[in-house]
Amino acid sequence: MIATSHPGLVVKNEPVSILEQERVPRSNSDCQWYALQTQSRHEKQVRDRLQAIGIEPLLPVGRQRRQWSDRKVWTTLPLFTGYCFANFALVRSLVVLQTPGVVRIVGTVRPEPIPAEEIAVFQRVASMNPVMEPCDYLTEGAWVEVIHGPLVGLRGQFVRRTSHHGLVIRSSLLQRAALIHIESDEVAPVQHLS
């Protein structure tokens with residue numbers, strides 16, 4: 001303990017632990033949504049632990065039909081396996097990282113906040129608990145391979161259009177390309193381009 005004496009005033013500074021500092025309420029203007037990478041199959045536990053320490057979590061889930069050995073059952077699974085979202089100020093990042101099951105706060109160099117528009121979509125989905133299934137994140141220009149239909153095995157770059165999706169095939173010798181109309185569920189990302 002440190003005591004500072006001024007004429008007519010005595011100020012005592014007592015050490016404050018990190019946990020006590022973290023309990024200090026913060027204004028909501030400091031808080032932003034961040035994605036947290038979790039340990040495998042720990043998304044729901046992380047959500048519950050964050051809520052227990054006063055941090056607002058978001059774990060969008062949906063119902064999926066799964067095949068068990070003897071029957072098909074409906075299960076509730078996270079929309080993004082291995083991830084949970086949390087609304088907190090960066091000064092509380094140490095508390096978040098010390099939460100059992102949390103691996104890291106997602107960001108390239110430092111934690112990056114999630115845009116409000118995306119969080120609004122996730123919150124709406126979370127409130128509905130729809131039937132859904134995970135799908136590959138296909139960005140325009142990603143190399144894909146056709147897995148269904150008469151063009152199975154064909155590789156090219158994926159292109160999104162408002163009316164349809166397409167697969168761009170190229171002839172480097174002719175310096176020409178063609179866009180083949182295809183549905184996004186007919187292709188899968190190419191893991192290793194050979």
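## Rings and charges in a predicted model

F80 is partly exposed, with a relative accessible area of 34%. The model is predicted.

A pair of aromatic rings is described by the distance of the centres and the angle of the planes. F80 pairs with F122: the ring centres lie 5.3 Å apart and the planes meet at 70°. That angle is over 60 degrees, so the pair is edge-to-face. The two residues come from distant parts of the chain, 42 residues apart. F80 sits in the loop between β6 (72–78) and β7, while F122 belongs to helix α4 (residues 116–128). F122 has 12% relative accessibility, so F122 counts as buried. Ring pairs also bring in F85, making a cluster of F80, F85 and F122.

The whole structure holds four aromatic pairs. One of them joins Y34 and F88, with ring centres 4.9 Å apart and planes at 40°, so this pair is tilted. Y34 is in strand β3 and F88 in strand β7 (residues 83–88), and 54 residues separate them. Is Y34 buried or exposed? Y34 has 2% relative accessibility, so Y34 is buried. F88 is buried too, at 1%.

A charged side chain also meets a ring. R63 lies over the face of W74, 5.5 Å from the ring centre.

Next come the salt bridges. Side chains of opposite charge can pair when their charged atoms come close. The structure has three salt bridges. The table gives the distance between nitrogen and oxygen for each.

| Salt bridge | N to O distance |
|---|---|
| D48 and R47 | 3.1 Å |
| R71 and D70 | 3.0 Å |
| R155 and E145 | 3.4 Å |

The R155 and E145 pair links distant parts of the chain, 10 residues apart. R155 lies in strand β10 (residues 155–160) and E145 in strand β9 (residues 143–146). R155 is partly exposed at 32% relative accessibility. E145 is partly exposed at 26%.

How accessible are the other partners? D48 is partly exposed at 44%, and R47 is partly exposed at 25%. R71 counts as partly exposed at 41%. Why does D70 count as exposed? Its relative accessibility is 56%, and exposed means over 50%.

One backbone detail remains. R41 has a positive phi of about 65°, although R41 is not a glycine. R41 lies in the loop between β3 (32–38) and α2 (43–52). With 73% relative accessibility, R41 counts as exposed.

Note on methods. Residues are numbered from 1 along each chain as its sequence is written. This is a predicted model: local features need pLDDT of at least 70, side-chain atom pairs count only at pLDDT 80 or more; totals for chains, interfaces and linings use all residues. Side-chain values use heavy atoms; hydrogens and water are left out. Helices (H or I, at least four residues) and strands (E, at least two) are DSSP runs, numbered from the N terminus. Buried means under 20% relative accessible area, exposed over 50%, partly exposed in between (1.4 Å probe, protein chains only). Rings of Phe, Tyr and Trp (its six-membered ring) pair if their centres lie within 6.5 Å; planes under 30 degrees apart count as stacked, over 60 as edge-to-face and the rest as tilted. A charge sits over a ring if NZ of Lys or CZ of Arg is within 6 Å of the ring centre and within 35 degrees of the ring normal. A salt bridge is a side-chain nitrogen of Lys or Arg within 4 Å of a carboxyl oxygen of Asp or Glu.
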